[in-house]
Amino acid sequence: MEILSVLGLLLLLCSQSGAERQDNEISEQREGSPESVNVPQPCPSDLQAVLREMSVKQAENRLMIQQLQTLNQAQASELKSLKTRTNETENQVESLRRDRAVGQVAFSASLRESGHGTLGPFSAHTTLEFKHVVSNIGQAYSPHTGLFTAPVRGAYHFEFYVMAHGASAVKLMKNGEHVFIAGENQTNGYGTAANGVTLILEAGDVVFLRLHKNYIIYDNENHHSTFSGHLLFPM
């Protein structure tokens, strides 16, 4: 459009210039011989020069536009890549935070919250509630029920110690199934027993200690009978 406008303007100027020359020549010819009248010629050389100059400028403008478009595309691509890397980093940080929070699972508790005494014997198997909680990181153990509930799938390690004046038998249970037992039968004075195990638990699995029927367990302010466990690593 720019070239056409300039072209029209040049044609108009050339026409006007030619018309003026034509009027002057006609006036001169009228004073002289009528056979010597010449037809005015357009100005093609000026028009071609302007057209060439405008073509060069247009080509330069197109090249500049292409370069700017390429630069904008490169910047947009770099910005998109930067946003993607930022989102990936944020997701990794959040995942590490979740893993760290989930991985902090540990507890330790003794049987009696205060005082001393013997529990049992009972006519049925009885779930032991370890009331004196020393630590309960992750709140996976409940002193009200005696149950440890795995928050995530992983490898967990448990240890339990029992003391009694007489016969004692305590079983470690997983979802109601017997895993290990610690027992002793001391006819004179107090006896102790202990055991431990590492289990692969699914999220929601339950682990607890059960006093076998017709057996006893003892504890006092020195906390002889205890139950402990912690997450080794999630899986």
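Trainee: Is strand β6 mostly covered or mostly open?

Mentor: In a regular strand the side chains alternate between the two faces of the sheet. In this predicted model, strand β6 spans residues 154-164 and is mostly covered, with nine of its 11 residues buried.

Trainee: Which strands does β6 pair with, and how many bridges join them?

Mentor: Strand β9, residues 191-201, runs antiparallel to β6 and is joined to it by 11 bridges. Strand β12, residues 226-234, is also antiparallel to β6, with eight bridges between them.

Trainee: Which residue in β9 is the bridge partner of Ala155, and what stands opposite Phe158 in β12?

Mentor: Ala155 has Ile200 as its bridge partner in β9. Phe158 stands opposite Gly229 in β12.

Trainee: Now the backbone angles. Which residues other than glycine have a positive phi, and where are they found?

Mentor: Gln139 has a positive phi of about 55° and is found in the loop between β4 (132-137) and β5 (148-149). His223 has a positive phi near 60°; His223 is in the loop between β11 (217-219) and β12.

Trainee: Why does Gln139 count as exposed, and why is His223 partly exposed?

Mentor: The cut-off for exposed is over 50% relative accessible area, with buried under 20% and partly exposed in between. Gln139 counts as exposed because its relative accessibility is 63%. His223 is partly exposed because its relative accessible area is 29%.

Trainee: What kind of peptide bond joins Gly120 and Pro121, and where does Pro121 lie?

Mentor: Read omega: the value for Gly120 and Pro121 is about 0°, a cis peptide bond. Pro121 lies in the loop between β2 (117-119) and β3 (126-127).

Conventions. Residues numbered from 1 in each chain as written. Predicted model: local features only at pLDDT ≥ 70, side-chain atom pairs only at ≥ 80, totals over all residues. Heavy atoms only, no water. Buried < 20%, exposed > 50% of the residue type's maximum accessible area, 1.4 Å probe, protein only. Helix = DSSP H or I, 4+ residues; strand = E, 2+ residues; numbered from the N terminus. Pairing = 2+ DSSP bridges.
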